[in-house]
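Okay, thanks for coming, everyone.

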Amino acid sequence: MNALEIRSLTKTYPGFCLDNLNLTLPSGCILGLIGENGAGKTTTIKLILDMLRRDSGTVTILGRDNQDNLRLTKEDIGVVMDSIGLPEWLNARQIGKIMARIFARWDGEYYANLVESLGLPWDKKFKDFSRGMKMKLGIAVAMSHQPKLLLLDEPTGGLDPVARDQVVELFLDFTRQEDHAILISSHIVSDLEKLCDYIAFLHKGKLMLMEEKDRLLEEYGLLHCTAEQLEDLDPAAVKSKKVTPYGAEALVLRDGVPEGWNLSPVSIEELFVYMVKGAK
């Protein structure tokens, strides 16, 4: 079963439209949602959670329509938004006790282990936490009621590199269970490159592509050549290009480039940047 299916999802605001979005997240996988500010990443997550009313389309979570059955699936969804919505006057100990009353499958021992391993204080009020500490406590809460799907909006924001690496390992461990899955949006593309099985690129509310990460890295490359050589290529193979007096650099489909040309690997971040430039 797919953990998440989005079909023809549309939401229009003045000056913005999330347009006909289609995404599929298989169970056991991590899908990274990449896009510049205002691309529609947070809007997508809010639509999945039915925090916004969609104009059209469908969202299916663990086999259930999100508008009809979201209350039934709340136990199965862990959520971390960019702004952590925990009571500011409570500490981690008190928050754990409250969550134990909210979630039937709350695992107090796992929560305690996360609080300790993430280096969080038990008795400090949430309002006095740093941004990174707030994010870590939000992650601990989201993961401690045994969800099957994590929806994460910029979950590594405000974390130092050591904490980011620790959190990335937590997410990888989570999806080692075949009925678990994660949808994660982040500006820190290097984290997504470590984590994700699938990558989806959003640009100005439109899905540019969604593909398995490894396949993307196999299909695309960076070509370094002369402007004349670039002109000789099949235009369909060239997705974005930059020509200077010193030569040309282009994002290309590897299959469209003659053997022996100067091709180098492309990172997910480079791939996204070049595709956005090519779309403008």
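This is a predicted model: local features need pLDDT of at least 70, side-chain atom pairs count only at pLDDT 80 or more; totals for chains, interfaces and linings use all residues.

So, Glu-154 sits in the loop between E7 and H6; helices (H or I, at least four residues) and strands (E, at least two) here are DSSP runs, numbered from the N terminus. Its phi is near 55 degrees, a positive value in a residue other than glycine. Buried or exposed? With 10% relative accessibility, Glu-154 counts as buried, where buried means under 20% relative accessible area, exposed over 50%, and partly exposed in between, using a 1.4 Å probe and protein chains only.

Residues are numbered from 1 along each chain as its sequence is written, and side-chain values use heavy atoms, with hydrogens and water left out.

Now look at Gln-146, in the loop between H5 and strand E7 (149-153). Gln-146 isn't a glycine, but has a positive phi of about 55 degrees. At 42% relative accessibility, Gln-146 counts as partly exposed.

Next, helix H4, residues 108-117. Which of its residues are buried? Those are Tyr-111, Leu-114 and Val-115. They cover an arc of only 100 degrees around the axis, so they're on the same side of H4; that arc is the one spanned by the directions from the helix axis to the C-beta atoms. As a reminder, an α-helix has 3.6 residues a turn, so residues three or four places apart point the same way. The buried residues of H4 pack against helix H3 (92-102), helix H5 (131-143) and helix H6 (161-174), with contact meaning heavy atoms within 4.5 Å. On the face turned away from that buried side, H4 carries the exposed residues Glu-109 and Glu-116.

Over to strand E1 (residues 2-13), where you'll find Ile-6. Ile-6 has 0% relative accessibility, so it counts as buried. What does Ile-6 touch? Leaving out residues up to four places away in sequence, its partners are Leu-21, Asn-22, Leu-23, Thr-44, Ile-48, Thr-58 and Val-59. Ser-56 is 50 residues from Ile-6 along the chain, and their C-alpha atoms are separated by 11 Å.

Zooming out, the protein chain has ten helices and 14 strands. Buried residues make up 50% of its 280 residues. And of the contacts with a separation of 6 or more, 67% come from residues 24 or more positions apart.
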